[in-house]
Amino acid sequence: MQNFFETVYPFTTLSASSKLALASVLKRSVFPKTKVLVKPDTVCHRLYFIEKGLTRTYYFKDGKDITDWLSAENTFAVSIISFITRKPDRRAIELLEPSVLFSIHADELESLCATHHDIERMTRLLVSSGLVQLQQKFDDLHFETALQRYQNFMATNPTLLQRVPLGMIASYLGITQETLSRIRSQI
C-alpha cells in the first residue's frame, strides 16, 4: 500500500485521516496471469492500482483483439468511461503477469471524495493526468510515424518490451506486427 501513497503523493498531499480512510477501503488482491478483471461490455466498478504485475486494456474490433492501454507497476488500470458513467464499456482488462493489486470501488471513492477534500483533489488530478496521457497517445497515433511511436514507446516503457508480446505492442502502437518487425530490424 505504501507504493500507492508514494504514487499519488506528487498529485497532492493527503492528510493522515485521508490516508487512514483510503487504507480502510483499498482492497489488496493477488491474481494469476490471464485473470480478467473487467469483461467486455460490463461495468468497471473498481479502480485498480498495480503494486506488482502488468495489465492490458483491450477491445475487439472486426474480430480483432486491439490493445488499448498497458499498465505496469505503480500505475492505474481502469475502464475510465465505464468507471465514471457506471455504464458498460466494450473494453476489458486482463492481467499479463501474476499481479498484486489494490482496488477501490467507485461508490467508496465517491463517498471518500464527499468527506475528504484532499482525496477529491487527488482523484481530480489523477483523472486529469490520465486525460493528458490519453491525448498524448491520440496525438502520437495521428501525428507521429510508426517508427517515432515505437521509439517513444522504447524510451518511455523500456521494461515492457520484454514483458509484453510483440503483437500486443504493435496493436497498442496502432500498427501491424509485420510493420513492427520491419521497424525493429531497422533499429
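This is a short tour of a predicted protein model, from the whole chain down to single residues.

**Whole chain**

Start with everything shown as a cartoon. The secondary structure comes to nine helices and eight strands. The radius of gyration is 17 Å, close to the 16 Å that the globule rule gives for 187 residues, so the protein is as compact as a globular protein of that length. The trace spans about 55 × 30 × 30 Å.

Now display contacts. Take those between residues at least 6 apart in sequence: 70% of them join residues at least 24 apart.

**Surface and charge**

Of the 187 residues, 43% count as buried. Next, colour by charge. There are 22 positive and 19 negative charges, and their mean positions are 3 Å apart.

**Aromatic rings**

Hide the surface and show the aromatic side chains. The structure holds seven aromatic pairs. Select Phe 4 and Phe 49. Their rings pair edge-to-face, 5.4 Å centre to centre, with 90° between the planes. Which elements does this pair link? Phe 4 sits in helix H1 (residues 2-8) and Phe 49 in strand E3 (residues 46-52), so the pair links distant parts of the chain, 45 residues apart. Check the accessibility of each partner. Phe 4 has a relative accessible area of 5%, so this residue is buried. Phe 49 is buried as well, at 1%.

Move on to Tyr 58 and Phe 60. These rings also form an edge-to-face pair, with centres 5.7 Å apart and 90° between the planes. Tyr 58 counts as buried because its relative accessibility is 8%, under the 20% cut-off.

**Two loops with positive phi**

Finish with the backbone. Select Thr 34, in the loop between strand E1 (27-31) and strand E2 (36-38). Thr 34 is not a glycine, yet its phi is positive, about 80°. Is Thr 34 buried or exposed? Thr 34 is exposed, with a relative accessible area of 55%.

Step along to Asp 41, in the loop between E2 and E3. Asp 41 has a positive phi of about 60°, again without being a glycine. At 56% relative accessibility, Asp 41 counts as exposed, the cut-off being over 50%.

How values were computed. Residues numbered from 1 in each chain as written. Heavy atoms only, no water. Helix = DSSP H or I, 4+ residues; strand = E, 2+ residues; numbered from the N terminus. Rg over C-alpha atoms; globule rule 2.2 N^0.38 Å. Buried < 20%, exposed > 50% of the residue type's maximum accessible area, 1.4 Å probe, protein only. Contact = heavy atoms within 4.5 Å. Lys, Arg positive; Asp, Glu negative; His and termini not counted. Charge placed at Lys NZ, Arg CZ, Asp CG, Glu CD. Phe/Tyr/Trp six-rings, centres within 6.5 Å; stacked < 30°, edge-to-face > 60°.
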